[in-house]
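Work through these exercises with the model open. Try each task before you read its solution.

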Amino acid sequence: MATMMKAAVFVESGRIEVVDKRIPDVGPNDALIRITTTTICGTDVHILKGEYPVAKGLTVGHEPVGVIEKLGSAVQGYTEGQRVIAGAICPNFNSYAAQDGAPSQDGSYLVPQGLCGCHGFKATAGWRFGNLIDGTQAEYVLVPDAQANLAPIPDGLTDEQVLMCPDIMSTGFKGAENANIRIGDTVVVFAQGPIGLCATAGARLLGASTIITVDGNDHRLDISKKMGADIALNFKTCDVVDEIMKLTGGRGADSAIEALGTQLTFESALRVLKPGGTLSSLGVYSTDLTIPLSAFAAGLGDHKINTALCPGGKERMRRLMNVVQSGRVDLGVLVTHQYKLDNIVAAYDLFAHQRDGVLKIAIKP
């Protein structure tokens, strides 16, 4: 077996480059995965721009689809050559947070003030790939705590069909789950990028009877209807808050899901909620948020605000792939482009600037 591999690493703010790196050694609880497909996430763009701090030289990426190349001596129930995925969040389930029902917060810590230009910025050790350890935009990735995190891919599913499971699907569905959706609810989903589209699909699966999607891109709004949206609103052509209040007879939405990470979308999501409604926040925010007094009813509106980091672990991945295999959701349509790993810098440029109708890019080492 070769000793070196190609990997996309963070060099400095504005620069990710493909370099040669040593293939990692496999410890007893690890698995070495040969990556067959991975992708670029919006969080990776935050890293590229220097908005989220990672170590220089770290391999980025956190969405692995591949084949087991080598198993650690303590990992049981898997075979080398088996097709697998692992969640973007790969907890070991040993921490207090994990055992208290929040495995995505496994080993949470705070970045020192000023390091990323903000105060008390929360990072999570549950998110290790491309954050604390080398990630998946490479020919190989080392999966820690493999027994807890490897999920076999069902026969008949392609890489592209399961590519959304490690992060985008898990995150979007968690946003819907956190929205406290009940059968017959009206749900608004702000932003129809890949995560927002998955949140729309998740809201439909959970029983929402009216799903309203909001975006400034008509193509994405059209796709949202395929994911389950009943009404699609372009914020460039209408006052979204007024329109949603009219559509709900002045009652407001039962739930709103924010899937972008800006002050405007967060505030709009809060303004369309009914009293007692739930705001489910999925966006990664780069600046402080302000909660408007009126929208928050001065703190007297019985509102609930839930945040989320995508759940990981093999059971979560198994359930998501079951949904894909059942045909209830087709997320392969979100993969709009394909690039080789050698050309990932061009792929980042395309994705960061949202050209050519890009949603997700399949990166093939």
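**Exercise 1. Helix 6 against helix 7**

Task: find the handedness of the crossing between helix 6 and helix 7, then describe how the two helices pack.

Solution. Helix 6 and helix 7 cross in the right-handed sense. A crossing is right-handed if the near helix is turned clockwise from the far one by less than a right angle, and left-handed if anticlockwise. Helices here are DSSP runs of H or I with at least four residues, strands are runs of E with at least two, and both are numbered from the N terminus.

Before going on, note the ground rules. This is a predicted model, where local features need pLDDT of at least 70 and side-chain atom pairs count only at pLDDT 80 or more, while totals for chains, interfaces and linings use all residues. Residues are numbered from 1 along each chain as its sequence is written, and side-chain values use heavy atoms, with hydrogens and water left out.

Next, the geometry. Helix 6 spans residues 194-205 and helix 7 spans residues 218-226; their axes lie 9 Å apart at an angle of about 25°. That makes the two helices roughly parallel. Axes are lines fitted to C-alpha atoms, for helices over the stretch in contact, and angles run from 0 to 180 degrees between N-to-C directions. Angles under 35 degrees count as roughly parallel, over 145 as roughly antiparallel, 65 to 115 as roughly perpendicular and the rest as oblique.

Last, the residues. Helix 6 contributes P194, L197 and T200, and helix 7 contributes R220, I223 and S224. Contact means heavy atoms within 4.5 Å. Three of these residues are nonpolar, two polar and one charged. Ala, Val, Leu, Ile, Met, Phe, Trp, Tyr, Cys and Pro count as nonpolar, Asp, Glu, Lys and Arg as charged, and the others, Gly among them, as polar.

**Exercise 2. The partners of helix 5**

Task: describe how helix 5 packs on helix 6 and on helix 10.

Solution. Start with helix 6. Helix 5 (residues 165-177) meets helix 6 at about 50°, with the axes 7 Å apart. The pair is therefore oblique. Their crossing is right-handed. From helix 5, the contact includes I168, M169 and F173; from helix 6, it includes I195, C198 and A199. The tally is 11 nonpolar, three polar and no charged residues.

Now turn to helix 10 (residues 314-326). Helix 5 packs on helix 10 at about 90°, with the axes 10 Å apart. That makes the two roughly perpendicular.

**Exercise 3. A salt bridge**

Task: which residue forms a salt bridge with D230?

Solution. The partner is R204, at 2.9 Å from N to O. A salt bridge is a side-chain nitrogen of Lys or Arg within 4 Å of a carboxyl oxygen of Asp or Glu. R204 sits in helix 6 and D230 in the loop between helix 7 and strand 12, 26 residues apart. The whole structure has 16 salt bridges.
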